[in-house]
Amino acid sequence: MPIEIPKDKWPGSVRQVVLGATAAEGGTRTSKVVVGGETCMPFMHFEGAIPNRPVVALEIRDRRPDDWSPLLVKTWENVIDDPAAWAKAAEEVGADAIQLTLSLTDSAGQPMSPETAVATVKAVLQASGLPLIVFGPGQSEVDNLLLVAVAEATKGERLALGICEDKNYRTIVATAMANDHVITARSPMDVNLAKQLNILISDMGLPLDRVIMDPTTGALGYGIEYGYSVMERLRLAALQGDAMTQLPMLVTPGYEAWKTKESKVGEGVPESWGDWLQRAINWETMTAIALLEAGANILVLRHPESLKQVEAAIQDLMTAPDMVSV
Amino acid sequence: MALSGIQIYKLLPQTNCKECGFPTCLAFAMKLAAKQVELSACPYVTEESIALLAESSAPPIRLVSLKSDGYETKAGNEVVLFRHEKTFYNKPGLFVKVVDTESPEAIKAKISAADRYVVNYVGIELTVDGFAIEAASGDPEKFSAAVKLAREASKRPLILVSRDPSIISAGLKALEAGESALIHGADKSNWEVMAALAQEHKAALAVISTDLETSADLTEKIRGKGVEDLAIDPDTTGLGAMLTFNTIARRMALKKNFKPLGFPIIVFPKDLVAATQAISKYAGFVVIDDFKPDEVYPLLVLRQNIYTDPQKPIQVQPGVYEINNPNSEAPVLVTTNFSITYFSVANEVEGSGLPAWLMVCDAEGMSVLTAWAAGKFDAERIAKSVKGSDLASKVSPKRVVLPGHVAVLSGELEEELPGWDVRVGPREAVDIPKFLKEAL
């Protein structure tokens with residue numbers, strides 16, 4: 001029976017964003033990451049182009065984190081006190097990019113200084129040639145203080161700077177513009193709030209091909225369905241031609257999944273939860289896979305085993321299936 | 001394709017007799033279009049119209065239900081490609097596979113363990129749905145014995161896996177009376193015999209093909225033999241191929257009302273990643289090789305999440321919940337009425353063994369951060385909830401603890417609640433026990 005396959009013809013497409021600049025481009029990166037550019041829903045190769053594959057970044061910290069699952073601490077134990085070594089280790093296990101989160105305080109409990117933050121970022125850039133995403137601690141004033149210093153000290157590297165929210169976007173956007181960086185714009189799981197922030201950023205004059213949006217997500221079991229549907233709606237809107245949603249999406253399934261009780265706690269939990277380490281890796285991997293299929297372009301993970309599984313899935317999904325009728 | 005109210009109206013008697021309970025035939029037609037009434041409420045509709053309307057109102061993806069003693073698992077009847085467009089209705093059945101070449105003890109142990117398995121997620125008890133028995137032995141007797149073993153170990157629905165009709169026949173005979181299993185399955189060479197077996201045993205039948213045209217051909221031929229309860233298997237281990245197949249089949253059924261592909265999809269994912277994709281991307285039955293709680297638990301949770309109705313977040317009743325028999329010295333903890341938020345907080349407090357009053361505010365079923373961003377969880381609302389309860393007369397000292405994510409509300413809340421000591425708790429529920437022990 002001949003079948004005429006219904007193909008969606010989309011007028012819009014996702015913008016292409018480049019992370020990292022090589023020596024020829026004014027930076028020192030040995031590889032770049034290009035995301036976005038697709039003209040169809042995730043992995044629908046039969047009706048559009050997907051010029052760039054989604055990528056996986058590994059999250060590292062500027063110092064030993066206080067609140068990470070003991071499983072993760074054990075995994076990275078050898079490098080956890082040295083961000084440069086950690087970045088190198090992340091590159092060795094196959095990450096496409098590094099996501100460095102700066103802490104609010106240093107290990108002695110003193111507020112993180114811009115000088116220390118800059119020194120850490122420089123050490124990471126030296127240790128690994130991968131593109132770098134730098135997030136502040138998540139408090140807008142401190143973020144502004146640290147990220148401006150980092151942006152200025154790394155001019156031309158085309159870092160992605162975050163987290164840019166409605167409260168603090170002005171400062172970060174301005175410094176990204178002045179120093180040739182990209183920003184990640186985070187909005188709280190809502191299509192309209194995401195659009196609104198993108199409009200504000202665009203109004204400041206930063207070209208949208210230097211903006212990645214982070215629509216925020218929840219972990220599996222902790223609200224993933226909200227983030228999942230917001231991502232599907234944003235991507236549909238982008239393909240329908242809504243310019244302010246046509247940005248690649250970055251999500252942080254590693255951060256979300258590893259703060260759940262399922263990943264953090266190994267004792268005193270129900271037996272029906274199964275093996276702790278396996279469960280925690282599965283939690284992160286499954287959160288990431290669900291979001292990948294909802295349109296994620298950059299997935300930030302924490303565990304090398306999840307990274308491996310998600311990279312394999314991306315490779316499989318990026319191969320256009322050889323189906324007779326397609 | 002669903003008809004509009006006006007199209008339905010043209011098929012009605014148009015006499016406005018009111019016997020259906022509506023003032024006009026047009027009003028009745030509108031209700032029919034919205035699927036809020038049954039056509040049988042009209043005593044005068046012609047046979048011809050009944051047939052036409054029945055065809056148009058048949059769901060684009062057939063509902064297929066597997067039944068056994070006291071259990072039923074349904075797949076199909078879906079109406080959208082993306083869950084936000086309406087909702088996904090019938091959660092895919094999760095089946096655990098056993099192979100008839102395994103030892104009887106191993107088969108029984110695996111099935112018993114999976115059959116007993118229950119995991120609690122936000123107050124809902126989740127279980128697997130049934131078992132698939134695969135004939136690797138090539139021996140009808142061995143297969144029949146494995147089916148009987150499965151029936152001894154579990155009463156849940158079964159899927160019988162073999163392309164050999166003589167083996168399937170032996171397996172079907174080993175089932176109990178009145179149950180409807182799923183045969184997996186039919187292909188180009190065996191479909192006729194398999195269809196006859198499905199007919200005879202009132203079983204559902206899966207068609208297996210990597211290409212959609214063959215799948216459509218097979219379902220048409222089998223329907224021609226009178227078997228309507230079918231499923232389609234994309235027969236691939238690749239993620240990309242499965243995603244493409246499932247998406248096109250769903251689109252053909254929903255957008256083109258193409259009946260030959262309007263059936264639930266059954267998949268045998270090769271690993272956890274493929275099973276994850278199957279749940280979010282359109283499978284109706286998912287058969288997994290291994291029974292491992294660390295995989296089954298997240299799969300069941302994902303299924304629950306994806307199939308939550310986006311219009312109706314699961315909420316709990318706002319109000320004061322007493323945990324661990326709180327006395328007057330126990331603190332008042334504040335949270336929202338989103339079920340996941342409530343259960344995360346309540347579980348942690350309960351687990352800490354320390355008493356507390358949990359004040360659940362009406363935040364329209366949103367989590368703390370989302371509700372705060374949407375203006376549904378502010379100092380005014382929290383104060384109103386506290387004042388609306390009799391907590392002020394029950395506790396001393398009057399201590400109220402805000403979720404760490406909304407620390408910013410503490411100043412305002414102090415103004416709204418004079419006489420209360422406003423504290424800021426941790427951001428994540430998992431840190432509550434430590435907070436209760438050390439900070440209070």
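**Exercise 1. Work out the strand order of the eight-stranded open sheet in chain A, and name its edge strands.**

Solution. 
Step 1. The model is a predicted one; local features need pLDDT of at least 70, side-chain atom pairs count only at pLDDT 80 or more, and totals for chains, interfaces and linings use all residues. Residues are numbered from 1 along each chain as its sequence is written, chains are lettered from A and ligands numbered from 1 in the order in which they are written, and side-chain values use heavy atoms, with hydrogens and water left out.
Step 2. Strands (E, at least two residues) and helices (H or I, at least four) are DSSP runs, numbered from the N terminus. Two strands pair if DSSP finds at least two bridges between them.
Step 3. Read the order: E8-E7-E6-E5-E4-E3-E10-E9 in chain A, with parallel pairing.
Step 4. Strand E8 (211–214) and strand E9 (250–251) of chain A are the edges, since each pairs on one side only.

**Exercise 2. Follow the pairing from E6(A) to E7(A), then from E7(A) to E8(A).**

Solution. 
Step 1. Strand E6 (residues 160–164) and strand E7 (residues 182–186) of chain A pair in the parallel sense, over three bridges. Here Ala160(A) stands opposite Val182(A) in E7(A).
Step 2. E7(A) and E8(A) run parallel too, joined by four bridges. Arg186(A) has Asp214(A) in E8(A) as its bridge partner.

**Exercise 3. Which way do the residues of E8(A) point, and are they buried or exposed?**

Solution. 
Step 1. Recall the rule: in a regular strand the side chains alternate between the two faces of the sheet.
Step 2. Val211(A) and Met213(A) point one way from E8(A); Ile212(A) and Asp214(A) point the other way.
Step 3. All are buried. Buried means under 20% relative accessible area, exposed over 50%, and partly exposed in between (1.4 Å probe, protein chains only).

**Exercise 4. Classify Ser202(A) by accessibility and list its contacts.**

Solution. 
Step 1. Locate Ser202(A): helix H6 (residues 191–203) of chain A.
Step 2. Its relative accessibility is 22%, so Ser202(A) counts as partly exposed.
Step 3. Contact means heavy atoms within 4.5 Å. Not counting residues up to four places away in sequence, Ser202(A) touches Leu208(A) and Met244(A).
Step 4. Trp276(A) is 74 residues from Ser202(A) along the chain, and their C-alpha atoms are separated by 44 Å.

**Exercise 5. Describe chain B: how many helices and strands, and which domains?**

Solution. 
Step 1. Chain B has 17 helices and 17 strands.
Step 2. Its domains are domain 1 (5–57), domain 2 (64–306) and domain 3 (319–438), with bounds from an automatic or database domain assignment.
Step 3. The C-alpha centres of domain 2 and domain 3 of chain B lie 45 Å apart.
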